[in-house]
Amino acid sequence: MASAIGMREELIIKACSSAMNAHRSPQGYILEEIPSSSDHTFLFSFRGSWSATDWFAHKPFGETDIKLDKFPSLRSIGNIFKNKFRNYIRMNEPMQALKHVHMGSKDDLDATSKYIIQVEMAVEENEQGCQKKKKQRAVMGKRQVVFTGHSAGGPMAILATLWFLERAWKTKISPLCVTFGCPLTGDHIFSHALVRENWASCFKHFVMRYDIVPRMLLAPITSIEQSISTILHFFETRPRGITEEASDFYETVMRNASAVASHAACKLMGNTNLLVETVTSFIPLSPYKPFGTYIFCTGNGSLVVLSNPDAVLQLLFYSCQLGSETEGTEIAHRSLEQHLGYENELQDSLQMQVVHDVGLTELANLPLSGGDNSALNDLGLSTGARLCLRAAAELEKRKQRNKAYFRMPSWTRESLETKPISKKDEMKKAMQVLDDYRKMTAVRNVGYYDAFKLQKTADDFNANVKRLELAGIWDEIIEMLKRYELPDGFERDGEWIKLGTRYRRLVEPLDIANYYRHSKNEDTGPYTIRGRPKRYRYTQRWREHAERMVPGSSGESHFWADVEELRLNKDGFEKVKDEVLELENNLLKWVNGKDLDEDVLLEESTFVKWWKTLPIQHKEEDSAIVKWCKILPNQGAESGFSTLMTNT
């Protein structure tokens, strides 16, 4: 069980109990320290809310924009979208400052600061203690931080975990987040980012088969706002006699869940009917998507573990279906009662030890008629449901095949008489040709960029052929990424980041040379604003994200475009002085850091010719290059900047 879920049984029980107890905490959270022989656990449990105003802040689905400056790892690297996060406006909860969406009163911020300080101090004290005493380290074992919450406390635990993960690379501690009956929290970009960052495994969500809360946000606020207060009041006080309200609420949520699941299923199965997308322009669908590992409690003592987000979304809908029309009232009432029954259900399930881990292979081979899979049979899945689960598995397998396609050897015109070559090797071979061309232009004392721009020799023509071949391959990759047809972790694959960076530095200068050689800037506009292909924008973001760089700071590959625009400037030096200084500072950084080749400093390069035309006053007083060479004359001479100094 521990290997299937990724948690010890005793920790699951303790987390569930603490999450339920947090509802009664006056300060909004509980901090517990749990020492044991194998590890030392800090458990943070968050209180939920039963107030309707805390659940919905914005229509139609209560979402808000994530502040990506606070959670940079959640940004979309390639496709530039704002990802959405469930917006709770509890001003007196610690989660609020973690989310950085609203600013509360001084008391709110003090309470939040106190919470954050407690997290940091608890972990730091344990770390220091272990460093002082080696024996204590052996006793304490592995340190673990667990965030947990029930109901609306779940999203708070999720945000706290994300806050910790953004800093975990400093502490070397990987946290866990365990939620019980948690409403859906993030959109598809959010889910994609967690898989990409390899964080999805940190999140464990326990869901009862009929619990309505994990499905609730699949319905727009306007459809349930009349009854939400009554439902939340039931969770808080458990009164009798809300059968009618429960039935209406259940039917409304499941009707909207059906629309979301059906639309998602159409995409899983590759439906290209334009009507599917047209309908969504008139009928808003919930933006939320599952992430992490879901553990479904079947109600019969067995647990179903599922990590594929597309499959989880389908299971959230299909596992909550009625067996017959006569069950409507009973299931509707059970959908509320189960939200409060996690402790008892988990006690029974963990004792029975019946856990079915449904991986990609099991999903792909799921029997359509039930077969021997008793755990999934306990969820009452129809043939249609099983087809949707199969489609989710097939989509993920197709993504893996698409990635493998670039490694898979195939016949090309050049390899017909030798052996098949993969797309990846074809790229490397073409880039090696361009690298040899770059070295050859340095011998000619012309420079890589300027030689290609002049196009005087056969070598220049051959380099252009390789440029176009590589563009075709990389455009194919980028189009797949835009359509989410590659695995979520592709953009964090170190080998592809390295390959993309090399490609960008080697080939983009040639694209820029071609752009300005044909005066495309006169019709289209500046290269960096209007002409830069996505294949360079994406690969630049890959590197910046992986190395935690400031967005836009790895722009060495489009250096020549900046030079060309400044060279063509007709508004006078004073108007572009700041841009010139920025370019000089970047040049120093990139040449000294070996990110930019020193052939930019050759006597006949476009850059040097332009730089010589700058006002004497700038070169004598303001130039960053001149200042650097005066402070470090030896390094200036060795690096090639002496070319500029002799003309100053």
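## Ground rules

The model is predicted, so local features need pLDDT of at least 70 and side-chain atom pairs count only at pLDDT 80 or more, while totals for chains, interfaces and linings use all residues. Residues are numbered from 1 along each chain as its sequence is written, and side-chain values use heavy atoms, with hydrogens and water left out.

## α23 and its two partners

Let's start with helix α23, residues 494-517. (Helices are DSSP runs of H or I with at least four residues, numbered from the N terminus.) Helix α26, residues 534-546, packs against α23 at about 135°, with the axes 9 Å apart. Axes here are lines fitted to C-alpha atoms over the stretch in contact, and angles run from 0 to 180 degrees between N-to-C directions. The two helices are therefore oblique to each other; angles under 35 degrees count as roughly parallel, over 145 as roughly antiparallel, 65 to 115 as roughly perpendicular, and the rest as oblique. Contact (heavy atoms within 4.5 Å) involves residues including Trp496, Tyr503 and Arg504 of α23 and Tyr536, Trp542 and Arg543 of α26. By class, the contact of α23 with α26 has seven nonpolar, four polar and six charged residues. Nonpolar means Ala, Val, Leu, Ile, Met, Phe, Trp, Tyr, Cys and Pro; charged means Asp, Glu, Lys and Arg; the others, Gly among them, are polar.

Now for α20, residues 423-443: its axis comes within 11 Å of the α23 axis, and they cross at roughly 40°. That makes α20 oblique to α23. Among the residues touching are Met427, Met431 and Leu434 of α20, and Trp496, Leu499 and Tyr503 of α23.

## α14 against α19

Helix α14 (residues 309-318) and helix α19 (residues 383-405) pack at about 170°, with axes 8 Å apart. That makes α14 roughly antiparallel to α19. Their contact includes Ala311 and Leu315 of α14, plus Ala385, Leu389 and Leu395 of α19. Eight of the contact residues are nonpolar, two polar and one charged.

## A pocket that involves α26

The second largest pocket is lined by 21 residues, with Pro72, Arg75, Glu544, His545 and Met549 nearest its centre. (On a 1 Å grid over the protein atoms alone, a pocket is an open set of points where a 1.4 Å probe fits, with protein on both sides within 12 Å along at least five of seven lines; lining residues have an atom within 4 Å of a point.) α26 gives the most to this lining, with four residues. By class, the lining has nine nonpolar, four polar and eight charged residues.
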